[in-house]
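Hi,

Here is the structure I promised to pass on.

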Amino acid sequence: MSYTEDRATWYNGQGLWPNTPGSDWGNWTWQFRNRITRLEQLEQYMTPTPEERAGILFASQKLALAITPYFFNLIDRDDPDCPIRKQVIPRAGEAQLAAEERLDSLGEDEHSPVPGLVHRYPDRVLFLVTDRCASYCRYCTRSRMVSNAQHYDFHPQHEAALEYIAAHPEVRDVLLSGGDPLLLADNKLDYLLGRLRAIPHVEFIRIGSRIPVFLPQRITPQLCDIFRKHGPIWMSIHVNHPKECTQALKDACERLAFAGVPLGNQSVLLRGINDDPEVMKALVHRLLRMRVRPYYIYQMDLITGGAHFKADVRRGIEIIEALRGHTTGYAVPQYVIDAPGGGGKVPINPDYIERINDQEVIFRNFEGRRFRYPIKSTPLVPDSGEIESGSERPAPEALASAKLAPHREPVLA
Ligand code: SF4
């Protein structure tokens, strides 16, 4: 059945927590303290399937269970296939391993000169500032370390990382990630951003965060002031499904945008959650309405216990084909595979080119119609010697009487 939604409606309200004072509900520390982290807590609100129950019991060995009350409200408790539910409630499949899966699927640890810093590309570094998140995504690339369920004992060394960046003038771009950097207290973030901005060769800072999605209450005016003070700061949020686009997220994005933070979105292609052109189209349209540019769709990394989420790559290509030309160009993200083992992001595109050589390129458009674009210019041929010897350009009268040089028929289907 194709996905449909009421485009005029943005989910709002306190859902299962109607009696919580609004001052608590809107307070990010209340949301954080009242997260659902245990099976008994979850059972107060819903009945997990046997598969989910097994997954929750295994979570303490793999990746902790944590769901903010705000995000829990988005779950359809009557539908085991709810796309929100599948993202945050563990399933038994997490305990099943496949041969190609790796704990550190992108080989980040091999490129870490200082704990918490990954320097793989020449001009930029990844600065992992914490291993904690507001809620935990069951397909997380860094599930080896976040929440510390696997006893990775991640201890980022912020000062050592700052010193490393300061000592490497080739680093012009720093990406703060984790875990979720926006879980750091305001004064800590202010300090880190200030230190980074004081390094002359750091041209700008990026932040990767799912906090606006799990905990939009964290995007306070005070936090926005910090971003305003230390900009340019770019932020990638992480929305996978249109149901995550609530009024609270929309408002949080607006606060960020008005603080001068350009916003992009990174989705992970997840089987049975968003590997559907209609779902993705609804998502990218909502993103643009929230001032967020759809940036990447990632093929899921080959993390341990993730096979039940793995979507078919051909499905991803189909989604891009369904978007390109069929909707606003700004709405079309780049589909990428982060090459296993650390080869970097590689764009995966539908194949629009049928043939290309020194003369021409033959390609098709979004409707499947075929076109020819000549690579080699075909000179205009005058009727007879009107072009004076030595002149660089034909005289205007010569141009007027010139005929198009014969060329092959355009290829049009
Ligand atoms: S918010 Fe990011 S780091 Fe945290 S669990 Fe989700 S994907 Fe992983």
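Cys140 sits in the loop between strand 2 and helix 7 (helices, H or I with at least four residues, and strands, E with at least two, are DSSP runs numbered from the N terminus). Keep in mind that this is a predicted model: local features need pLDDT of at least 70, side-chain atom pairs count only at pLDDT 80 or more, and totals for chains, interfaces and linings use all residues. Residues are numbered from 1 along each chain as its sequence is written.

Cys140 is buried, because 20 other C-beta atoms lie within 10 Å (buried takes 20 or more, exposed 12 or fewer, partly exposed is in between, with C-beta atoms placed from the backbone). Leaving aside neighbours within four places in sequence, Cys140 is in contact with Leu63 and Val146 (contact: C-beta atoms, placed from the backbone, within 7 Å).

Cys137 lies in the loop between strand 2 (124-128) and helix 7 (158-166). Cys137 is buried too, with 21 other C-beta atoms within 10 Å. With neighbours within four places in sequence left out, its contacts are Gln87 and Val88.

Now the ligand: the residues around it include Cys133, Cys137, Cys140, Arg142 and Asp180 (a residue counts as near if its C-beta atom, placed from the backbone, lies within 6 Å). An unreviewed UniProt entry puts a "binding site" at Cys133, Cys137 and Cys140; UniProt positions follow the numbering used here, feature names are shortened, and annotations may be inferred rather than shown by experiment.

Cheers

Key. Two residues are in contact if their C-beta atoms, placed from the backbone, lie within 7 Å.
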